[in-house]
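Welcome! Please take a moment to look over the sequence and the 3D structure shown here.

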Amino acid sequence: MGWLLILAALAGQHHLVVNVSDARAMFSLTGEAGALRDVLAKITPADIAGLPLGEMRRTRLQQVAAALWFETQTEARVICFRSVARYVFDLMAVSAHPSGAVDYH
């Protein structure tokens, strides 16, 4: 229904409306509070330790643009372009591997 309202509001005007919601991928990460922040801190220059719950931070994960936030102390969300989703997944998987623990947080 929302699209119909937008199209009605733009009636008679030159316009282009495109749904790009599929352009992004979202990951949900869960784990112990300190370990979860460690996983993300290893792959981003953002101040993960100082990021308050619920505050979104636009940053990069290694070489790609992303946004992240913490829903709770034990759950985080990461959003990136869908075209690089596999790269981001692999980054987080390697960063989360037990042999890579740094116990920073």
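What follows is a short tour of the chain, one of its helices and its salt bridges.

## Before you start

This is a predicted model, in which local features need pLDDT of at least 70 and side-chain atom pairs count only at pLDDT 80 or more, while totals for chains, interfaces and linings use all residues. Residues are numbered from 1 along each chain as its sequence is written, and side-chain values use heavy atoms, with hydrogens and water left out.

## The chain as a whole

The chain has three helices and four strands, and from the N terminus on they run α-β-α-β-β-β-α. Here helices (H or I, at least four residues) and strands (E, at least two) are DSSP runs, numbered from the N terminus.

The C-alpha atoms fill a box of roughly 60 × 25 × 20 Å along the principal axes. The radius of gyration of the chain is 18 Å, whereas a compact globule of 105 residues would have one near 13 Å; this radius is taken over C-alpha atoms, and the globule rule is 2.2 Å times the number of residues to the power 0.38. Buried residues make up 29% of the 105 residues, where buried means under 20% relative accessible area, exposed over 50% and partly exposed in between (1.4 Å probe, protein chains only).

Helix H3 covers residues 85-96 and reaches 16 Å from its first C-alpha to its last, close to the 16 Å expected at 1.5 Å a residue. That expected span is 1.5 Å times one less than the number of residues.

Which residues of H3 are buried? They are Ala 85, Val 88, Leu 91, Met 92 and Ser 95. Seen down the helix axis, they fall within an arc of 125°, so they line one face of H3; the arc is that of the directions from the axis to the C-beta atoms. On the other side, Arg 86 and Val 94 are exposed.

## Two salt bridges

A search of the whole structure finds two salt bridges, each a side-chain nitrogen of Lys or Arg within 4 Å of a carboxyl oxygen of Asp or Glu. Side chains of opposite charge can pair when their charged atoms come close.

One joins Arg 77 and Glu 75, at 2.6 Å from N to O. Arg 77 counts as buried at 16% relative accessibility, and Glu 75 is partly exposed at 22%.

Arg 86 is exposed at 57% relative accessibility, while Asp 90 is partly exposed at 33%.
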